[in-house]
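Welcome, and thanks for taking a look at this one. Please open the structure below and keep it in view while you read the notes that follow.

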Amino acid sequence: MADLVFYTNPQSRGATVRWMLEEIGEPYDTEILGYGTSMKAAPYLAVNPMGKVPAIVHKGKVVTEVAAICLYLADAFPAAGLAPAPADRADYYRWMLFTSGPVEAAFTNRSMGWEAPAEREVMLGYGTYDRTIATLEKALAGKSYIAGDRFTAADLFVGATINVMLMFKLLDPTPAFTDYAARMTDREAYRRARDIDARLIAEQAAAQPA
Ligand SMILES: N[C@@H](CCC(=O)N[C@@H](CS)C(=O)NCC(=O)O)C(=O)O
């Protein structure tokens, strides 16, 4: 058993953590959980009471939430060079958490067709979808990377989120977003992770009764 266990489903936000794990390059064991079945059964609820994937257990410590897992792994495995030096983390924390909070809420609400009445926008952490997305676009303007001068876990997380939003047509495919997503995902670790999950999805489909 490896020190690092990854709980996921290949068709889930776990894809981002798989990419992160492939960037880290350390051995990990994978536990595949089924929607509505093993994901909501006692053994996994003991790991994540939410009954949601992904989660990791590293040396007995549980981490859930994709953004937290990426931040944790970048710190736990510094040799991968995915976290800036502590003094240079302003943009790193800012855009990572802006994406896991306001951006995620803005696009999931949009995907559900929920629109807050204008007078209640002040109560929403993201205000409006349009302002949140314009802010993210501005954060990328004129930069190769979102936090500093090299690829970090913030690019992995923000790039993966933008990629998914583009795939599900929840984001206007402006050059700022499409170029950034294409550049961030043009990495061996991304392709390895994508291929592993694609293989698992094919295996699951083949195992379904006809
Ligand atoms: N905020 C969580 C979201 C996790 C999440 O919603 N995962 C979905 C798959 S993408 C899930 O496990 N759904 C199964 C369920 O709720 O039963 C994170 O960032 O990890």
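In which helix does R199 lie? R199 is part of helix α8, which covers residues 188-207. Please keep in mind that this is a predicted model.

**R199**
- R199 has 11 C-beta neighbours inside 10 Å; the limit for an exposed residue is 12 or fewer, so R199 counts as exposed.
- R199 and P10 are 189 residues apart along the chain, yet 8.9 Å is the separation of their C-alpha atoms.

- The chain is divided into domain 1, residues 4-81, and domain 2, residues 86-188.
- Taken over C-alpha atoms, the centres of domain 1 and domain 2 are 22 Å apart.
- Nine residues from domain 1 and seven residues from domain 2 make up the contact.
- On the side of domain 1 that touches domain 2, α1 (14-24) and α3 each supply at least two residues.
- The most comes from α3, which gives five residues to that side of domain 1.
- Sorted by class, the side of domain 1 that touches domain 2 has seven nonpolar, one polar and one charged residues.

**The largest nonpolar core**
- This core has 51 residues, and those touching the most other members are M20, C70, M96, A153, A154, L156 and F157.
- Helix α6 provides the largest share of the core, with eight residues.
- The core lies between domain 1 (4-81) and domain 2 (86-188), because both domains give residues to it.
- Leaving aside residues up to four places away in sequence, F157 touches T16, V66, A67, C70, M96 and T99.
- As general background, nonpolar side chains tend to be buried together in soluble globular proteins.

**Helix α4**
- Helix α4 runs over residues 90-111, 22 residues in total.
- From its first C-alpha to its last, α4 reaches 30 Å, close to the 32 Å expected at 1.5 Å a residue.
- At T99, α4 bends by about 35°, and the proline P102 follows within four residues.
- T99 is also one of the buried residues of α4, together with Y92, W95, M96, F98, P102, V103, A106 and F107.
- These buried residues pack against α3 (66-76), α5 (129-140) and α6 (153-167).
- After α4 comes G113, which has a positive phi near 80°.

Definitions and conventions
Residues numbered from 1 in each chain as written. Predicted model: local features only at pLDDT ≥ 70, side-chain atom pairs only at ≥ 80, totals over all residues. Expected span 1.5 Å × (residues − 1). Bend = angle between axes of the 7 residues up to and from the residue. Buried ≥ 20, exposed ≤ 12 C-beta atoms within 10 Å, placed from the backbone. Contact = placed C-beta atoms within 7 Å. Core = buried A, V, L, I, M, F, W, Y, C linked by C-beta atoms within 7 Å. Domains from an automatic or database assignment. Nonpolar A, V, L, I, M, F, W, Y, C, P; charged D, E, K, R; others polar.
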